[in-house]
Amino acid sequence: MPDFKEDLAALRLEREPDIQPRRRWVVWLVLAVFLIAAGGGAWWWFSRERPVEVETATVSSRQAGTQAAVLNATGYVTARRRATVSSKITGKVIEVNIEEGMAVRQGQVLARLDAETQSASVALAEAQTEAARRNVNESEVRLNEARINLDRISKLVGVGYSTAAEVDAARAAVDSLGARIQAAREQVRVAERQVALEQTNLDSTVIRAPFAGVVISKDAQPGEMVSPVSAGGGFTRTGIGTIVDMASLEIEVDVNESYINRVKPEQGVTAVLDAYPDWQIPARVITMIPSADRQKATVLVRIAFLELDPRILPDMGVKVTFLRENEDTAPAARPVTLAPKAAIKTDGKQSYVFVVVNDRADRRAITTGGTDGERVEVIAGLNPGDRVVVSPPTGLSAGALVVSR
């Protein structure tokens, strides 16, 4: 009997070992590692320390012996003496002797108007005056004749050849001529006043500088009409030119009424023109105008330059710093450290600031002195160059991670 078991054994196929369980184990291991890493990353992200955005400023210093500032303001250079020169009469310009930038002296002829009409008026007034004088002379001759006649009639009354009525008539004639002479003399004076008036109008055709200064604008040309008032629908000029007295330049600034108590007459001021930001000009307060602007809530302050310079021009923008008067005549022996007023906080009687060190907020106690505008003098606790937090946010604590905006 054939052996089928051996045949069947020869037909059996050999299978490789089953590796699927091992592969599943590796997949689950990788998935577990990924989930652990993702969970750890999420936990770190949500639990990490977030930096606080803050505004920082650098602590500065003021040189030894320099006065502290109590207030800063902006304004403009103005001229106390400034005039648009015009004529007192209406006339046609025939000559203009000025140009922009020209220096003029007081009384210098700036322009001339057509004087033909005024000259004729003067001649007419003089002729009328001469005629009035001739009338006076004629009346005086008649008065002498009337007096002689009165004297003759008075003598004839004594011998009976004349009557009292004739004497009265002769005396009335004398009195009448005397009164007529007085009236004629008044007419002469009126005529002389008319001559003076016409001569004034003639002199007004010559336009002169009212004071010494510099011409900043030329407003009329020969052939144009000028008038002391606007007329002619805009075709008549109202001025020949504008003159500024450069010796009267000063500064006008508007100071908020909340800080006007920091300003006093004769107070020292440092002025810096916008055109020359590195040039500090010494100045002083002249006065505060005793009236406030209710619209802007400001008070106008006038400031005088202690030294004038050709670079200072009218209407220039200027920044001014009002200086605090020194209580001690001896200058400070060392520079003064200054910190922004908004960076300083108080806890009871102790003042402190937050100093940024290696991106961390370090709470530091300080000792303060006086104020210098928007800054405060720091006697101890800070050094120039330190970075402090301005207006620290609520909840900022020492050691907190910070980042500047």
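This is a predicted model: local features need pLDDT of at least 70, side-chain atom pairs count only at pLDDT 80 or more; totals for chains, interfaces and linings use all residues.
Local features are reported at pLDDT of at least 70 and side-chain atom pairs at pLDDT 80 or more, while totals for chains, interfaces and linings use all residues. Residues are numbered from 1 along each chain as its sequence is written, and side-chain values use heavy atoms, without hydrogens and water.

Strand β14 spans residues 268–273. Strands are DSSP runs of E with at least two residues, numbered from the N terminus. Six of the six residues in β14 are buried, meaning under 20% relative accessible area with a 1.4 Å probe, protein chains only. G268, T270 and V272 point one way. V269, A271 and L273 point the other way.

Strand β14 pairs with β15 (residues 280–293) through five bridges, and the two run antiparallel. Pairing requires at least two DSSP bridges between two strands. G268 stands opposite R284 of β15. Six residues lie between β14 and β15 in this hairpin. Five bridges also join β14 to β17 (residues 317–323), again antiparallel. There, T270 has T321 as its bridge partner.

The largest nonpolar core has 26 residues. Such a core is a set of buried Ala, Val, Leu, Ile, Met, Phe, Trp, Tyr and Cys residues joined through side-chain atoms within 4.5 Å. V253, I303, V320 and F322 touch the most other members. Elements giving two or more residues include β14, β15 and β17. Strand β3 gives the most, with five residues. Another core, of 18 residues, lies apart and has I89, V96, V104 and L110 among its members.

Note on methods: Buried means under 20% relative accessible area, exposed over 50%, partly exposed in between (1.4 Å probe, protein chains only). Helices (H or I, at least four residues) and strands (E, at least two) are DSSP runs, numbered from the N terminus.
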